[in-house]
Amino acid sequence: MRRQVPLFITFFVGTLLIVSVFIPPMENLGEDFTLFFDIIAVFAFFLGGGNLLRVHLTKLYRKSPDWGFSVVTVVGFFLMLAAGLFKIGNPGDISASVTAEGSMFQTMFNNVVLPLQSTMYALLAFFIASASYRAFRAKNREATILLVAAFIILLGRTPFGMMLTAWIPDSWSVLQVPNLAIWIMNSPNLAGQRAILIGIGLGVVSMSLRIILGIERTYLGDDR
Amino acid sequence: MIPFEPIRLFAFGGFNVPIVISLLIIGGGMLWLLIRSLKAKEVDRRIVFVFIFAAVSAPLLFEITFDETATPIVKGVFEKIENMPERSRIVIAFDFDPAMAPEVQPMANAVIRHALAKNHRLIFISLWATGQALMDKTISEIIPAEFPQKQDGIDYVSLGYKAGNEGVLNVIVSNVKKMFPTDVNGVPLTDIAIFNGVRSMKDVDMVMAVGGGKPGPKEWVLFVGDAPGGPPVAVGVAAVVAPQMYPYYPKQVLGILGGIKGAAEYESELLHNYPRFAEQDTPGLRMMGPQTLAHVVIMAFIIFGNLAFFIGGRHKEKRL
Amino acid sequence: MKRSSLLVLAVVVILFAISWILKANQLSATEENYILEAFLITFAAFLTLSVLSFLYKDNPFYKFAEHLFVGVSAAFWMCLGFWSTLVKNLIPRLSEGLSEFFNEPYMPGDYNFFFWIPVILGILLLMRLSKEHGWIARWPLAFIVGTTAGLNFVRYLRSDFIEQISATFVPLLIEWQGVGHFFSNFNLAIDGQFVMMLSNWVIFVGVMCGLIYFFFSKEHTGVFGTASRVGIWILMITFGASFGYTVMGRISLLVGRLTFLFKDWLGLIS
């Protein structure tokens with residue numbers, strides 16, 4: 001039950017979805033199973049929320065260090081959940097979009113989720129600058145190639161690059177930095193990315209096969 | 001070569017004290033950093049942070065802007081929308097979150113404006129929950145104010161978000177109604193004029209996938225664009241994933257709008273062809289000022305770091 | 001709480017109040033709910049600055065913002081999943097009464113008994129929260145893994161392997177009219193014959209060498225080693241380009257946040 005059933009489910013669903021691509025009458029079945037997958041995905045969100053609550057309520061119960069911040073998480077969670085599930089302040093009826101402008105849910109998104117998430121990522125601008133100063137060294141030939149390519153792209157993607165190299169005649173225009181940046185993107189970058197893509201593509205295909213055939217079982221965890 | 005004409009190099013026109021002072025401060029600071037680096041003295045990371053903050057803030061506050069010219073990879077998308085017959089159906093996918101929005105939202109806005117100005121019909125869809133919130137925000141900000149004659153259900157429709165990542169695409173590529181029985185407001189798809197004659201994504205004329213994560217533009221190419229009979233797909237992607245999309249161009253994608261530079265190029269093309277949008281905000285173009293100065297500062301950091309590395313003799317240290 | 005911490009908290013509260021009052025005053029001419037609007041903008045600015053304060057060092061304001069983000073994000077995705085997928089895709093296929101309650105069009109023709117399968121599997125997935133019966137969550141997990149494998153198998157093979165290989169076989173001679181013509185018209189224009197041919201050579205040789213670098217079943221020596229070395233250089237250029245684009249992307253995100261602070265909050269730019 002613990003191992004054989006999951007292995008059978010994986011084999012059955014995986015094979016069905018592959019076969020449904022090639023046999024049109026089975027397309028409908030493939031769509032149904034994909035819909036099942038989409039519905040289970042929502043339960044995965046519930047699992048995530050449930051797990052978050054479990055972790056933070058345990059922290060609160062045990063009065064762990066910084067338990068006060070767990071209160072923030074729990075209160076924020078329930079406020080957002082109530083605003084969304086009950087569609088508080090939604091201008092339409094129950095079938096209206098949960099994210100309709102003016103609803104409490106959308107207001108909380110615009111003024112809490114949006115600033116928090118975008119600023120979290122904006123921090124990376126500072127860290128990448130710091131890393132450029134401290135760690136980006138031309139230590140050897142490979143690192144130098146990387147550095148030069150990065151330089152050309154950084155310069156070529158701004159008007160500054162054109163200002164610096166506008167004097168280069170049209171018959172040598174590939175040497176103008178913006179054009180050089182375009183050439184790098186369209187040729188060596190494309191070649192490198194394609195090699196990576198083919199490698200990953202083959203990896204995904206072989207891993208999918210291993211999973212479907214039950215050779216790859218790590219996703220089942222151990223039996224303890 | 002790429003035609004390039006900086007029409008508004010420095011928008012402040014002539015001598016401007018705040019700009020000159022801020023540039024002097026940044027320049028002076030960089031000089032101090034250079035000297036310190038040459039002496040192989042450590043610089044606190046917070047000082048580096050201050051430089052980046054200043055390099056981004058100054059052009060933003062003093063509104064330094066540049067003109068852009070669309071490169072062929074961006075122009076391909078613009079021309080496709082420009083040359084499609086009126087009333088073509090374009091799917092716009094909002095597969096992003098607020099973290100990516102500053103980069104890709106300007107692309108979505110520009111494409112929406114362009115398509116509606118060309119009298120095309122738009123179908124909004126999202127594979128990210130956050131995408132639906134941003135989509136509703138965008139629709140309510142742009143359409144009623146700039147295109148008051150456009151009607152929900154006739155000229156545009158929002159299908160909203162569905163959970164299931166690429167699973168959603170696997171269904172809509174053969175049957176849209178099965179995945180989206182109604183639009184985001186609960187109106188059955190059978191009652192929506194745009195969907196007359198549309199059974200699957202193969203019946204739309206183009207997909208503009210805007211995003212940068214997973215699921216996102218790549219999944220639209222794999223599951224929809226490359227499906228037998230699939231529609232042409234254009235992508236607008238965050239800069240981080242833009243290089244990864246190049247292998248698909250031009251066979252599998254019409255064009256790529258990569259990062260804020262791609263957005264700025266599209267906005268510029270739109271402004272040159274549609275003067276009616278001159279009054280609208282163009283965040284892509286506006287952001288290229290801070291972008292330029294920040295790139296210069298980061299390049300200076302790399303040079304200084306390397307100077308300190310080589311002059312300080314650390315390159316001779318034995319590496320493990 | 002330390003005295004200095006209390007002092008910082010008091011200063012933040014006062015600044016928040018001042019910002020709220022000034023913003024409300026500014027919005028009173030244009031907004032109906034200007035007090036609420038002013039509070040919301042000030043709160044968004046407070047959260048933005050709280051996150052940015054991490055640049056100085058980790059502090060309680062950052063921790064507050066971080067914990068709030070985790071809570072609201074989880075609830076946000078749950079609500080969207082519930083309304084968009086469970087209510088719109090599951091309920092109309094299972095229950096007429098619930099469809100009426102949620103004002104969703106019931107689809108008698110689409111009633112499908114088998115749609116209880118994902119409900120059962122979904123509930124089994126939630127069993128993961130139980131220590132004793134958590135193992136049963138492997139069944140829905142197997143369904144998720146199997147579906148992903150089935151969906152990806154064909155698509156990756158088609159788009160990322162076959163199509164990519166096919167796109168790599170590009171003509172290595174373009175508009176070729178002989179060696180004499182080539183040298184007499186030689187130039188380095190970006191749309192010139194030489195650069196276009198060079199691009200195709202780089203693509204063809206670059207992809208091959210890149211793949212050779214990733215081939216670990218044979219020792220990288222001799223011709224194979226040289227090709228592998230060229231592969232590394234191509235990959236280094238690729239990573240350099242990716243780094244350049246990453247810098248561009250990260251800076252854009254910062255510009256986006258500063259635009260909010262300068263424009264929407266402080267009103268410094270138009």
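Welcome! The buried residues of helix H8 of chain B are B:Pro217, B:Glu219, B:Trp220, B:Val221, B:Leu222, B:Phe223, B:Val224 and B:Gly225, where buried means under 20% relative accessible area, exposed over 50% and partly exposed in between (1.4 Å probe, protein chains only). Helices (H or I, at least four residues) and strands (E, at least two) are DSSP runs, numbered from the N terminus. This is a predicted model, in which local features need pLDDT of at least 70 and side-chain atom pairs count only at pLDDT 80 or more, while totals for chains, interfaces and linings use all residues. Residues are numbered from 1 along each chain as its sequence is written, chains are lettered from A and ligands numbered from 1 in the order in which they are written, and side-chain values use heavy atoms, with hydrogens and water left out.

**Helix H8 of chain B**

- In helix H8 (residues 217–225) of chain B, 8 of the 9 residues are buried, so this helix is largely enclosed by the rest of the structure.
- One residue to look at is B:Glu219, which lies in helix H8 of chain B.
- B:Glu219 counts as buried, at 3% relative accessibility.
- Contact means heavy atoms within 4.5 Å. Leaving aside neighbours within four places in sequence, B:Glu219 is in contact with B:Glu166, B:Leu169, B:Gly213, B:Lys214, B:Val224 and C:Tyr156.

**Chain B as a whole**

- Chain B holds 11 helices and 6 strands.
- The C-alpha trace of chain B spans about 70 × 55 × 40 Å along its principal axes.
- Of the 320 residues in chain B, 64% are buried.
- Among the contacts in chain B with a separation of 6 or more, 76% are between residues 24 or more positions apart.
- Chain B has an accessible surface of about 11,100 Å², and 58% of this surface belongs to carbon and sulfur atoms. Accessible areas come from the Shrake-Rupley method with a 1.4 Å probe, and for residues only the protein chains shown count as cover.

**Where chain C meets chain B**

- On this interface, 49 residues of chain C are in contact with 64 residues of chain B.
- The size of an interface is often given as the accessible area lost when the parts come together. Chain C and chain B bury about 4,700 Å² between them, with 64% of it on carbon and sulfur atoms; buried area is the accessible area (1.4 Å probe) that two parts lose on being put together, summed over both.
- Between chain C and chain B there are 20 residue pairs in polar contact (both at pLDDT 80 or more). A polar contact is a pair of N or O atoms within 3.5 Å; within protein, one must be able to donate a hydrogen and the other to accept it, and residues adjacent in sequence count only if both atoms are side-chain atoms.
- Helix H3 (60–94), helix H6 (138–168) and helix H9 (222–265) of chain C each supply at least two residues of the side of chain C that touches chain B.
- Helix H9 of chain C gives the largest share of that side, 19 residues.
- Sorted by class, the side of chain C that touches chain B has 24 nonpolar, 16 polar and 9 charged residues. Here Ala, Val, Leu, Ile, Met, Phe, Trp, Tyr, Cys and Pro count as nonpolar, Asp, Glu, Lys and Arg as charged, and the others, Gly among them, as polar.

**Salt bridges**

- Side chains of opposite charge can pair when their charged atoms come close. A salt bridge is a side-chain nitrogen of Lys or Arg within 4 Å of a carboxyl oxygen of Asp or Glu.
- Over all chains, the structure holds 19 salt bridges.
- C:Lys63 and A:Asp66 meet through their side chains in a salt bridge (3.6 Å, N to O). This pair joins two chains, because C:Lys63 lies in helix H3 of chain C and A:Asp66 in the loop between helix H2 (27–62) and helix H3 (67–85) of chain A.
- C:Lys63 is partly exposed, with a relative accessible area of 23%, and A:Asp66 counts as partly exposed at 40% relative accessibility.
- Across the interface of chain C and chain B, the rule finds 3 salt bridges.
- B:Lys218 forms a salt bridge with C:Asp160, their closest N and O atoms being 2.7 Å apart.
- C:Lys263 forms a salt bridge with B:Asp281, with the closest N and O atoms 3.8 Å apart.
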